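Here is a short report on one protein model. Look at the sequence and the structure first, then read on.

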Amino acid sequence: MPAEAAIIEKKTGRRDAVRAFKRDAILQAARKIFARDGLDGATLRAIAAEAGIAVGTVYLHYPSKEALYAELLAGSLADLLKHLRAAVTKTDAQAQLLAGALAFYDFYRQRPDDLYLGLYLGQGFRPTGLTPELDRLLNGRLIQCYTVLSDAMRRIAPLEAEMLRAETVSLAAAMGGALMLETTGRLKVLGDTGEAVVRRHVEHLMGRLHGRG
């Protein structure tokens, strides 16, 4: 390789490394700011200050706080999908639904900030979105995760599309409710745990599925 080309390649590699470092710093700072202020309250200026860089540098990487939020959430959902797929592949078909549901619960139980991120929380329960395009992208990622669970249902019993959708939604609601009640301490007051709630729901669901098998 000619000396000039080697110098250019070295500079390019250094520049890419610096860019990746700054991008990671922005993401880490954004996670803190979004957790503290929510999507509505966060600003790119506050994120830049947390990261210790100029706000103009943030704009070089992300055109808006919505784009930054979307990247964090997309990464979280990618981790969740990987976690679910790993859980269901470790067991036989009849046990995959319970394994997947408990894996879903465990993922967010261990990572409560990801739960709040996924629910766009930070300043209450008011419905919030990003942009129509980003919402479609992220909803698609979330549906991929729920599909792991609905596929596990179909391995137990053949369900019509509408019934499969209804059971998947009910399971999602049970898991989400258990997570919110557990993380806010309400289930402890009631003498229960989120894992037990999810397990009971899935056991009842499996009973219904076996009845249709």
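## Helix 4 beside helix 7

The axes of helix 4 (residues 65–89) and helix 7 come within 9 Å of each other and cross at roughly 10°. Axes here are lines fitted to C-alpha atoms, for helices over the stretch in contact, and angles run from 0 to 180 degrees between N-to-C directions. Helix 4 and helix 7 are therefore roughly parallel. Angles under 35 degrees count as roughly parallel, over 145 as roughly antiparallel, 65 to 115 as roughly perpendicular and the rest as oblique.

Which residues of the two helices meet? From helix 4 come E66, A67, A70, L73, A74, L77, L80, L81, L84, R85 and V88. From helix 7 come L134, L138, R141, L142, Q144, C145 and V148. Contact means heavy atoms within 4.5 Å. The residues of this contact divide into 14 nonpolar, one polar and three charged. Ala, Val, Leu, Ile, Met, Phe, Trp, Tyr, Cys and Pro count as nonpolar, Asp, Glu, Lys and Arg as charged, and the others, Gly among them, as polar.

## The model and its overall make-up

This is a predicted model, in which local features need pLDDT of at least 70, side-chain atom pairs count only at pLDDT 80 or more, and totals for chains, interfaces and linings use all residues. Residues are numbered from 1 along each chain as its sequence is written, and side-chain values use heavy atoms, with hydrogens and water left out.

The protein has ten helices and zero strands. Helices (H or I, at least four residues) and strands (E, at least two) are DSSP runs, numbered from the N terminus. Of the 213 residues, 37% count as buried. Buried means under 20% relative accessible area, exposed over 50%, and partly exposed in between (1.4 Å probe, protein chains only). Take the contacts between residues at least 6 apart in sequence: 69% of them join residues at least 24 apart.

## Helix 5 against helix 10

The axes of helix 5 and helix 10 come within 10 Å and cross at roughly 155°. That makes helix 5 roughly antiparallel to helix 10. The crossing is right-handed. A crossing is left-handed if the near helix is turned anticlockwise from the far one by less than a right angle, and right-handed if clockwise.

Helix 5 brings L97, L98, A101, L102 and Y105 to this contact. Helix 10 brings G194, E195, V198, R199, V202, L205, M206 and L209. These residues divide into ten nonpolar, one polar and two charged.

E195 belongs to helix 10. Is E195 buried, exposed or partly exposed? At 39% relative accessibility, E195 counts as partly exposed. Leaving aside neighbours within four places in sequence, E195 is in contact with L102, Y105 and E182. E195 and R109 are 86 residues apart along the chain, yet their C-alpha atoms are separated by 9.3 Å.

## Helix 8 and its neighbours

Helix 8 (residues 161–183) has 23 residues. From first C-alpha to last, helix 8 reaches 33 Å, close to the 33 Å expected at 1.5 Å a residue. The expected span is 1.5 Å times one less than the number of residues. Just after helix 8, G185 takes a positive phi of about 85°.

Which residues of helix 8 are buried? They are L164, E167, T168, L171, A172, A174, M175, A178, L179, M180 and E182. An α-helix has 3.6 residues a turn, so residues three or four places apart point the same way. The buried residues of helix 8 pack against helix 5 (96–110), helix 6 (112–118), helix 7 (132–156), helix 9 (186–189) and helix 10 (194–212).

A87 lies in helix 4 and is buried, with a relative accessible area of 19%. Beyond four places in sequence, A87 is in contact with A99 and A103. T89 is also found in helix 4, but counts as exposed at 62% relative accessibility. T89 and G100 are eleven residues apart in sequence and 9.3 Å apart in space, C-alpha to C-alpha.

Q96 lies in helix 5 and is buried, with a relative accessible area of 10%. Leaving aside neighbours within four places in sequence, Q96 is in contact with V88, T91, A152 and R155. D114 sits in helix 6 and counts as buried at 4% relative accessibility.
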